[in-house]
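Please read this briefing alongside the sequence and the structure shown here. The topics run from the whole chain down to single residues.

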Amino acid sequence: PSPQPPLPPPPSPPPPPPPPPPPSTTTVEVAARVPASESYDGAAARASLSRSLAASLDVDVGDVSLSVTAGLLLFTVAAPSQAEAATISATAAGALGTAAAASQVLGVSVLDAPDVETLDTAVSPPPPSPPPPPSPPPLPPSPPPSPHSPPRTYSAPKLAATYAIHAVLMGLAWLALAPLGAAIARYSAKAVGGSGGGGGL
């Protein structure tokens, strides 16, 4: 039988869709300068400052984080959208527009009007997943089965020719051996006759 053609390779998977743009987070930063001699790094002081600012800006206290360095209180307020960030920024500018207003809101001595800034920070996307491994190559086709030698048969004409050749060879052998057999027979007859004559004497 003829060998089967090799199977075509499987189709390649479609390319992945392009990644979506990285999400962004919008925050509002409020930087208030305070006397460096004062310490606001305790847990209670930090919690009180965050609650005071959240109440004045009408936001959840969980959206407010505070970083304290010597002489600076840096509040970061998370906003769900740029529109909300604009509202929070405008509220902060009105409620903390002067050093006296900021000191009254926060309950600490603020040296001057805090700086309010809106930041839109892109979040780094996770690294892309590795591409799938390539599909294995198709298996080579199996070799065709080796044909078996048919048994040797002889036709009737070949058998007849073989028998005829055998008969001819036998006849030639008989013709070649017949004179030798006749000579042996004559010699044997003479030897028998000579032996018989000598016995009569």
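Predicted model: local features only at pLDDT ≥ 70, side-chain atom pairs only at ≥ 80, totals over all residues.

Residues are numbered from 1 along each chain as its sequence is written, and side-chain values use heavy atoms, with hydrogens and water left out.

**The chain as a whole**

- The secondary structure comes to four helices and four strands, where helices (H or I, at least four residues) and strands (E, at least two) are DSSP runs numbered from the N terminus.
- Read from the N terminus on, the elements follow the order β-α-β-β-α-α-β-α.
- Of the 201 residues in the chain, 16% are buried; buried means under 20% relative accessible area, exposed means over 50%, and partly exposed lies in between, with a 1.4 Å probe and protein chains only.
- Among contacts (heavy atoms within 4.5 Å) between residues at least 6 apart in sequence, 69% join residues at least 24 apart.
- The chain exposes about 14,700 Å², and carbon and sulfur atoms supply 67% of that area, as computed by the Shrake-Rupley method with a 1.4 Å probe, where for residues only the protein chains shown count as cover.

**Helix H1 and the residue after it**

- Helix H1 covers residues 43-57, and its 15 residues should span 21 Å at 1.5 Å a residue, which agrees with the 21 Å between its end C-alpha atoms; the expected span is 1.5 Å times one less than the number of residues.
- The buried residues of H1 are Leu-49, Ser-50, Leu-53, Ala-54 and Leu-57.
- Seen down the axis of H1, these buried residues fall within an arc of 130°, so they line one face of the helix; the arc is that of the directions from the helix axis to the C-beta atoms.
- The cover over the buried residues of H1 includes E2, E3, H2 and helix H3 (99-106), whereas the face turned away from the buried side carries the exposed residues Ala-44 and Ala-55.
- Asp-58 lies in the loop between H1 and E2 and counts as exposed, at 72% relative accessibility.
- The phi of Asp-58 is near 60°, a positive value in a residue other than glycine.
- Most residues other than glycine have a negative phi.

- The 14 residues of H2 should span 20 Å at 1.5 Å a residue, and the end C-alpha atoms of H2 are 20 Å apart, which agrees.
- In H2 the buried residues are Ala-85, Ile-88, Ser-89 and Ala-92.
- They cover an arc of only 100° around the axis, which puts them on the same side of H2, while Ala-83, Ala-90 and Gly-94 are exposed on the other side.
- Ser-89, which lies in H2 (residues 82-95), is buried with a relative accessible area of 17%.
- Leaving aside neighbours within four places in sequence, Ser-89 is in contact with Val-28, Val-116 and Thr-118.
- In H3, the buried residues include Ala-102, Ser-103 and Leu-106.
- They cover an arc of only 100° around the axis, which puts them on the same side of H3, and the face turned away from that side carries the exposed residues Ala-100 and Gln-104.
- Just after H3, Gly-107 takes a positive phi of about 80°.

**Strands E2 and E3**

- Strand E2 (residues 64-69) and E3 run antiparallel and are joined by six bridges; two strands pair if DSSP finds at least two bridges between them.
- The hairpin of E2 and E3 has two residues between the strands, and Gly-71 takes a positive phi near 80° there.
- Strand E3 (residues 72-79) has a covered face with Leu-73, Phe-75, Val-77 and Ala-79, and an uncovered face with Leu-72, Leu-74, Thr-76 and Ala-78.
- In a regular strand the side chains alternate between the two faces of the sheet.

**Val-77 in strand E3**

- Val-77 has its place in E3, where Val-64 stands opposite Val-77, and Val-77 counts as buried at 0% relative accessibility.
- Not counting residues up to four places away in sequence, Val-77 touches several residues, among them Leu-53, Leu-57, Val-64 and Ile-88.
- The C-alpha atoms of Val-77 and Thr-26 are separated by 8.7 Å, although these residues are 51 residues apart along the chain.
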